[in-house]
Amino acid sequence: MGRRFKETNTKNKTTLEKIKEFVILISSMLMISVLLQMFVVSSFTINGSSMTPTLSENQSMMMWKLSAPSRFDVVVIEAPDQAYEYDKSGQIKKDLFGNDVKKLYIKRVIGMPGDTLEYKNDELYINGKKYDEPYLDASRKIHPAPYMQDRTLTQYMEYARTVIPNLPQENTQLAEKNGVMVIPDDYYFVLGDNRLNSKDSEEYGLVHKRLFKGIVFLRISPLNKIGIAPF
């Protein structure tokens, strides 16, 4: 009897250990998943039309969080104009830590730190060099030229201050480089591909790097639109 009880007790202990190991494994996997979502890679669903026809509402994207953006990358940013998400009762949504949840925008990086830029005769010039924008071809077929108004970087900042008078000063503050006004360190100039219907740097000025949530690298839905950025 004593020996049989000892064997049964050993079996029960082994089962409990297996359950414990399974719980630890699942918990570890969940923790890794949460950390990946927070700091490495996560998904994002488009809400709005600022990137049409390149990207459309309700399409799902994957974004990478570990790299600094490059020119013409498609990026997800926190709203620089202090726009917030609201629930059905009209209250600002809160995150897990009780902080107000800002809206997220999806845009394309046009100007980098140290750049000066302007649109002239519907063409983009960065640091005096003309750049093609093939991602606008589909929109230009719908909307005849001129698609973009002639504006320098300085004029963009002046215009933004008139559109949103209470913008943080940093959003429209430029730096001087060799006698030319340029985008300061850590700031970016972003535009939506749907230039005629996009809230972007034309309205809220420059975007600080701390507001970048990720760089879009893959469209995952709908299935017939799966594709790799920058689209």
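The model is predicted, so to speak of local features we need pLDDT of at least 70, and side-chain atom pairs count only at pLDDT 80 or more, while totals for chains, interfaces and linings use all residues. Residues are numbered from 1 along each chain as its sequence is written, and side-chain values use heavy atoms, with hydrogens and water left out.

I start with strand β6, residues 123–126. Strands here are DSSP runs of E, at least two residues, and helices are runs of H or I, at least four, numbered from the N terminus. In a regular strand the side chains alternate between the two faces of the sheet. In β6, L124 and I126 point to one face and are buried, that is, under 20% relative accessible area with a 1.4 Å probe and protein chains only, where over 50% is exposed and in between is partly exposed.

β6 has a partner on either hand. Two strands pair if DSSP finds at least two bridges between them. Strand β5, residues 117–120, runs antiparallel to β6 and is joined to it by four bridges; Y119 stands opposite L124. The two form a hairpin with two residues between them, and N121 in the turn has a positive phi of about 55 degrees. β6 also pairs with β7, residues 129–131, in the antiparallel sense over three bridges, with K130 as the bridge partner of Y125. That hairpin too has two residues between its strands, and N127 in its turn has a positive phi of about 55 degrees.

Now the cores. Nonpolar side chains tend to be buried together in soluble globular proteins. A nonpolar core is a set of buried Ala, Val, Leu, Ile, Met, Phe, Trp, Tyr and Cys residues joined through side-chain atoms within 4.5 Å. The largest has 19 residues, and I110, L117 and F189 have the most contacts inside it. β5, β6, α3 (153–163) and β11 (187–191) each supply at least two residues of this core. Apart from it lies another core, of 17 residues, among them V75 and Y204.

What does I110 touch, leaving out residues up to four places away in sequence? Its contacts (heavy atoms within 4.5 Å) include L117, L124, I126 and F189.

Last, the lining of the second largest pocket: β4 (104–111) and β1 (41–45) each supply at least two residues, and β4 gives the most, with four.
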